[in-house]
Structure formats: structure tokens, C-alpha cells
Amino acid sequence: VESVSLGQGQGPVAQRWIDQALAEGFWVVLQNCHLAKSFLPALELICETQLVEGKVHPNFRLWLTSYPSEIFPISILESAV
């Protein structure tokens, strides 16, 4: 498990961990998503384009934590299990 507390330029770090975890099959925890307004559109794109069947290691998991926020993309919430 790798965790990243978002905010203050941590978006690229989160992106690298997600890319690596997709291939190798470990878990990534992104904490405080409500603080990453500039990264949320990129996260939405990752969820729509990279987290698709056949492209993801079966052991990969992505965990997100956030306070309730109007900036959080609805599409991510709708696709979450």
C-alpha cells in the first residue's frame, strides 16, 4: 500500500503511484482529495481511461478519502464500488 496526502503539488506523485500500481498490482490511497482541486480533473481522466477492464492488474485497488466537496467529480463517485 502506498499513500499520498494530496495538496501542495502532490498530484504528479499520485499519478506515478497509480501508474506503477496499475502494472504491478498494489494498492494506492489518495488522502484529502478535497484539497487537490487542480488534480481532480486528471484523476477523473485516469478513472475514465486507465481503470478499464483488461488494463488493470487484478490486485490493484485505488482508495480515495475526501471531505464532502462540490468540486469532487461526480463521475468518480458514480464509478466507485
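Is Trp63 buried, partly exposed or exposed? Trp63 is partly exposed, because its relative accessible area is 46%. For that call, buried means under 20% relative accessible area, exposed means over 50%, and partly exposed is in between, with a 1.4 Å probe and protein chains only.

A word on the basis. This is a predicted model, where local features need pLDDT of at least 70, side-chain atom pairs count only at pLDDT 80 or more, and totals for chains, interfaces and linings use all residues. Residues are numbered from 1 along each chain as its sequence is written, and side-chain values use heavy atoms, with hydrogens and water left out.

Now the layout. The chain has three helices and three strands. Their order from the N terminus is β-α-β-α-β-α. These are DSSP runs numbered from the N terminus: H or I over at least four residues for helices, E over at least two for strands.

Next, the overall form. For 81 residues, a compact globule would have a radius of gyration near 12 Å, and the chain agrees, with 12 Å. The radius is taken over C-alpha atoms, and the globule rule is 2.2 Å times the number of residues to the power 0.38. Along the principal axes, the C-alpha atoms fill a box of roughly 30 × 25 × 15 Å. Of the 81 residues, 31% count as buried.

Contacts, then. Take those between residues at least 6 apart in sequence: 75% join residues at least 24 apart. A contact means heavy atoms within 4.5 Å.

A pair of aromatic rings is described by the distance of the centres and the angle of the planes. Rings of Phe, Tyr and Trp (its six-membered ring) pair if their centres lie within 6.5 Å; planes under 30 degrees apart are stacked, over 60 edge-to-face, and the rest tilted. How many aromatic pairs does this rule give? The count is two.

Trp17 and Phe26 have ring centres 6.0 Å apart and planes at 80 degrees, so this pair is edge-to-face. Trp17 is partly exposed, at 26% relative accessibility. Phe26 is buried, at 17%.

Then Trp27 and Trp63. Their ring centres are 5.7 Å apart and the planes sit at 35 degrees, so the pair is tilted. This pair links distant parts of the chain: Trp27 is in strand 2 (residues 27–31), Trp63 in strand 3 (residues 61–64), and 36 residues separate them. Trp27 counts as partly exposed, at 36%.

Now backbone angles. Most residues other than glycine have a negative phi. Which way does phi of Gln8 go, positive or negative? Gln8 is not a glycine, yet its phi is positive, about 55 degrees. Gln8 sits in the loop between strand 1 (2–5) and helix 1 (11–24). Gln8 is exposed, with a relative accessible area of 83%.

Asn32 also has a positive phi, near 60 degrees. Its place is the loop between strand 2 and helix 2 (40–49). Asn32 is partly exposed, at 25% relative accessibility.

Last stop, Tyr67. This residue is in the loop between strand 3 and helix 3 (74–79). Tyr67 is exposed, at 59% relative accessibility. Tyr67 and His34 are 33 residues apart in sequence, but 6.1 Å apart in space, C-alpha to C-alpha.
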